[in-house]
Amino acid sequence: MQDSETFTGGCACGQLTFRAHGAPKRVGLCHCMTCRKTTGSVFNAFAIFPADRVTISGESRSWEAMPGGQRRFCPQCGSLVVYSDGGGEIEIMLGAFDRTDLFRPTYEAWTKRRESWLCTPDLIGYPENRGDVTS
Ligand SMILES: [Zn+2]
Ligand SMILES: [Zn+2]
């Protein structure tokens, strides 16, 4: 993976899009109840980029599960695309990228909410949040 590479993606209807430049800072999974509910899936997979390396285009709405934590989705098709807590990082949903199998997770958070049947490769597991950050 080249650090100069640009990754594109967006929502299911194509209205809300993003471009991310360079390699992600980290890639992980989260099994928390908020990630389950907002994605409608049993876990969330995401890549985290420095906020200044991500450009978002199109109309979006957001929902704050926690003050300042914005889960941004397309108002037309409802796809959840990015999460930002207003800090220096943006979390992009892995399923929102245009290409598959781009990034491999290295950790998983909220393993105490993890489905018992789920098989993941060797990941660093955290029972709840990953230390100082929420994902
Ligand atoms: Zn859409
Ligand atoms: Zn979560």
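The secondary structure of the chain comes to one helix and 11 strands, where helices (H or I, at least four residues) and strands (E, at least two) are DSSP runs numbered from the N terminus. This is a predicted model, in which local features need pLDDT of at least 70, side-chain atom pairs count only at pLDDT 80 or more, and totals for chains, interfaces and linings use all residues. Residues are numbered from 1 along each chain as its sequence is written, while chains are lettered from A and ligands numbered from 1 in the order in which they are written.

From the N terminus on, the order of elements is β-β-β-α-β-β-β-β-β-β-β-β. The chain has a radius of gyration of 14 Å, close to the 14 Å given by the globule rule for 135 residues, so it is as compact as a globular protein of that length. That radius is taken over C-alpha atoms, and the rule is 2.2 Å times the number of residues to the power 0.38. Along the principal axes, the C-alpha atoms fill a box of roughly 35 × 35 × 25 Å.

An open sheet is formed by three strands in the order S1-S2-S5, with antiparallel pairing; two strands pair if DSSP finds at least two bridges between them. Strands S1 (6-10) and S5 (54-57) stand at the edges with a single partner strand each, so one side of each has no neighbour in the sheet. S1 is joined to S2 (residues 17-21) by five bridges, and Gly9 has Phe18 as its bridge partner in S2.

Of the 135 residues, 30% count as buried, that is, with 20 or more other C-beta atoms within 10 Å of their own, C-beta atoms being placed from the backbone. A nonpolar core is a set of buried Ala, Val, Leu, Ile, Met, Phe, Trp, Tyr and Cys residues joined through C-beta atoms within 7 Å. Two cores are listed below.

| Core | Size | Residues named |
|---|---|---|
| Largest | 20 residues | Most contacts inside it: Phe18, Ala20, Phe49, Val81, Val82, Ile92, Met93 |
| Second, separate | seven residues | Including Cys30, Phe43, Ala109, Trp110 |

Leaving aside residues up to four places away in sequence, Ala20 touches Phe7, Phe49, Arg53, Val54 and Ile92; a contact has C-beta atoms, placed from the backbone, within 7 Å. Among contacts in the chain between residues at least 6 apart in sequence, 56% join residues at least 24 apart.

Methods. A residue is buried if 20 or more other C-beta atoms lie within 10 Å of its own, exposed if 12 or fewer, and partly exposed in between; C-beta atoms are placed from the backbone. Two residues are in contact if their C-beta atoms, placed from the backbone, lie within 7 Å.
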